[in-house]
Amino acid sequence: MSYLSRYGLDRANAARWLPDTVRVISVACDYGKPSPNRVRLLQDSTRGYIAQYALGRDYHRVMRKKLRQLAAELAQQGRPHGYRVFVDSGPVMEKPLAQNAGLGWIGKHTNLIAPHSGSYFFLGEILTTLPLALDVAEVDHCGRCRACLEICPTRAIVKPYQLDARRCIAYLTIENRGPIPTELRPLIGNRIFGCDDCQLICPMNKFARKHTLAEFSPRSDLLAPELATLMGWSATEFDEKTRGSALRRVGYHGWLRNVAVALGNAPTSPEVLSALSGQANHPNPLVREHVTWALSQHRQPARHGLPSPS
Ligand code: SF4
């Protein structure tokens with residue numbers, strides 16, 4: 001998350017990124033809520049849970065294309081303007097901008113929540129030189145609810161509206177390039193790429209809608225993948241199977257690191273032990289250390305009531 005310090009106060013200065021910017025068009029695009037089957041998957045520790053947003057095509061590309069189309073259409077309607085689009089890309093403070101644009105409010109879990117569609121959506125922005133009419137900012141509707149603070153597996157929401165990214169599973173399993181702290185590994189369960197828990201528990205998501213773009217349809221092979229199979233992926237397989245997906249952001253070694261942690265949290269079985277043992281001598285030290293940790297979890301006496309591996 002070095003971009004936070006890299007861009008500093010420039011993040012609040014849209015004109016720094018497009019001279020003569022007078023408005024920011026904030027856009028939300030639903031990716032849909034997890035199905036009941038996917039929620040149950042969190043209890044099946046032989047399979048990996050991938051955050052809902054990452055199951056379809058990489059939203060960065062999809063949203064950027066749509067935003068450019070929207071900006072071009074505005075220009076074609078006789079409103080020539082300078083513009084620049086952003087999708088989750090460094091310098092733009094997307095959530096405060098979206099709140100000011102009336103799209104929703106920043107909930108206690110720090111995600112944006114739309115009053116009539118919950119929080120399962122992507123955000124994107126068009127910086128423009130067009131002096132469009134201003135919208136009215138949305139207000140906070142969290143009230144006395146604290147459900148997200150209490151459900152967070154790693155207690156990353158340290159107080160309302162304050163997230164400790166160093167504890168957040170989304171950060172630990174995606175942006176983080178190094179080791180996952182050992183004390184947090186057992187709390188991660190079978191979450192191998194991101195986490196939806198604070199959104200799953202949020203009562204506002206009873207209003208969540210289905211995805212509207214075909215590009216965000218979940219890929220069937222990612223809905224409930226077997227951890228033991230994922231651990232056996234070669235770099236080439238990772239490359240092929242994650243083409244066009246946001247999963248690529250984690251990189252092959254980060255992927256194996258995450259799967260190893262989940263296998264360390266899985267019930268001891270011949271399949272689990274064989275999958276881990278197969279990568280025990282992996283040339284990458286990050287992967288090797290996480291596999292060693294995972295195997296050590298299965299050497300705990302009488303773990304899950306099954307015999308220890310020899
Ligand atoms: S779970 Fe409750 S406190 Fe957390 S964001 Fe949703 S409404 Fe707000």
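How much area is buried between domain 1 and domain 2, and what share do carbon and sulfur atoms give? The structure is a predicted model, in which local features need pLDDT of at least 70 and side-chain atom pairs count only at pLDDT 80 or more, while totals for chains, interfaces and linings use all residues. Residues are numbered from 1 along each chain as its sequence is written, and side-chain values use heavy atoms, with hydrogens and water left out.

Domain 1 covers 3-33 + 56-128, and domain 2 covers 147-208 + 218-301. These bounds come from an automatic or database domain assignment. The domain centres, taken over C-alpha atoms, lie 28 Å apart. Domain 1 brings 23 residues to the contact and domain 2 brings 22 (heavy atoms within 4.5 Å).

The size of an interface is often given as the accessible area lost when the parts come together. Here the buried area is about 1,800 Å², and carbon and sulfur atoms give 59% of it (accessible area, 1.4 Å probe, that two parts lose on being put together, summed over both). In domain 1, Lys-108, His-109 and Tyr-120 lose the most area to domain 2. Together they account for 34% of what that side buries.

Zero salt bridges link domain 1 and domain 2 (a side-chain nitrogen of Lys or Arg within 4 Å of a carboxyl oxygen of Asp or Glu). On the side of domain 1 that touches domain 2, helix 3 (59-76) and strand 4 (105-106) each supply at least two residues. Helix 3 gives the largest share, three residues. Helices (H or I, at least four residues) and strands (E, at least two) are DSSP runs, numbered from the N terminus.
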